[in-house]
Amino acid sequence: MRCRDARAWLCEEHSDSEAETARLRSEVLSHLALCPACRQYAQQQRRLQQLLGASFSPVSCRISTAQIMQAIYLRQRTTRQLEELHQQQRTRLARLQTLSSLFLVSLFILTAGIPFLLFLLFFNQPELLVRTLLLLSDMVDAFLVMLTYLRLGLSFVSQDNLLLAGLAFLLLLLSAMWLRLMRAPQEA
């Protein structure tokens, strides 16, 4: 028997009842009688087994099989629910992507169409173009008046520190709620 085979046999656990094990045991013992390196290795293995056997005590488990199976079932159910949520989120995102692309295309067509329509009005019906531009100028005036009121309101808020602090806290609270709601679901 070679040293490698003897050392491999010493590392394994064997049952005493088998005939093959008894034959191998006699071969290993005769090899150990001839080889001092393997004999020293066998002594180290015995010492290691004694040290490991003394330091480990049997552990009693207080969890029943039914509790383990129930925990596994709950985990599987939670995993299924999370997978369903992921699938719903993917379908919502796909729907949102198609809607956003449709919105962007329609917005592009609308913004590209306005100058084209104004150009056509300039050549075909100049009176209608003048009325349209007057209407647009009235809208711009209304927008400027709204900006003036908004600027006045913002200057009023910035003068009152308590109101500014309240608005900042409200903005912080809303952003924290948004971040909490938009986070990715975590597995249980």
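1. Let's start with the lining of the largest pocket, which by class has 6 nonpolar, 2 polar and 2 charged residues. Here Ala, Val, Leu, Ile, Met, Phe, Trp, Tyr, Cys and Pro count as nonpolar, Asp, Glu, Lys and Arg as charged, and the others, Gly among them, as polar. The residues in question are Leu 85, Gln 88, Gln 89, Arg 92, Leu 93, Leu 96, Leu 181, Met 182, Arg 183 and Pro 185. Helix H4 (65-124) and H6 are the elements that give two or more residues to this lining, and H4 supplies the largest share, 6 residues. The space in this pocket is about 260 Å³.

2. A word on terms, and on the model. A pocket, on a 1 Å grid over the protein atoms alone, is an open set of points where a 1.4 Å probe fits, with protein on both sides within 12 Å along at least five of seven lines; lining residues have an atom within 4 Å of a point. A volume is the space filled by probe spheres set on the points, with grid points joined across faces, edges and corners. This is a predicted model, so local features need pLDDT of at least 70 and side-chain atom pairs count only at pLDDT 80 or more, while totals for chains, interfaces and linings use all residues. Residues are numbered from 1 along each chain as its sequence is written, and side-chain values use heavy atoms, with hydrogens and water left out.

3. The second largest pocket holds about 220 Å³ of space. Helices H1 (3-11), H2 (19-34) and H3 (36-55) are the elements that each give two or more residues to its lining. Of its 12 lining residues, Trp 9, Leu 10, Ala 42, Arg 46 and Gln 49 lie nearest the centre. By class, the lining has 6 nonpolar, 3 polar and 3 charged residues.

4. For the overall fold, count 6 helices and 0 strands. Helices (H or I, at least four residues) and strands (E, at least two) are DSSP runs, numbered from the N terminus. Of the 188 residues, 8% count as buried; buried means under 20% relative accessible area, exposed over 50%, and partly exposed in between (1.4 Å probe, protein chains only).

5. Cys 38 and Leu 10 are 28 residues apart in sequence, with 9.5 Å between their C-alpha atoms. Leu 129, in helix H5 (residues 126-159), is buried because its relative accessible area is 11%. From the C-alpha of Leu 129 to that of Phe 119, 10 residues away along the chain, the separation is 9.0 Å.

6. Now the surface. Leu 163, Leu 167, Phe 169, Leu 170, Leu 172, Leu 173, Leu 174 and Met 177 form a nonpolar patch with about 770 Å² of accessible area together. Patches take residues with over 30% relative accessible area and no salt bridge, joining like charges within 9 Å and nonpolar side chains (Val, Leu, Ile, Met, Phe, Trp, Tyr) within 5 Å; areas come from the Shrake-Rupley method with a 1.4 Å probe, and for residues only the protein chains shown count as cover. Leu 170 belongs to helix H6 (residues 161-182) and is partly exposed, at 43% relative accessible area.

7. How many salt bridges does a search of the whole structure find? It finds 1, where the term means a side-chain nitrogen of Lys or Arg within 4 Å of a carboxyl oxygen of Asp or Glu. Asp 5 pairs with Arg 2 in a salt bridge, their closest N and O atoms being 3.4 Å apart.
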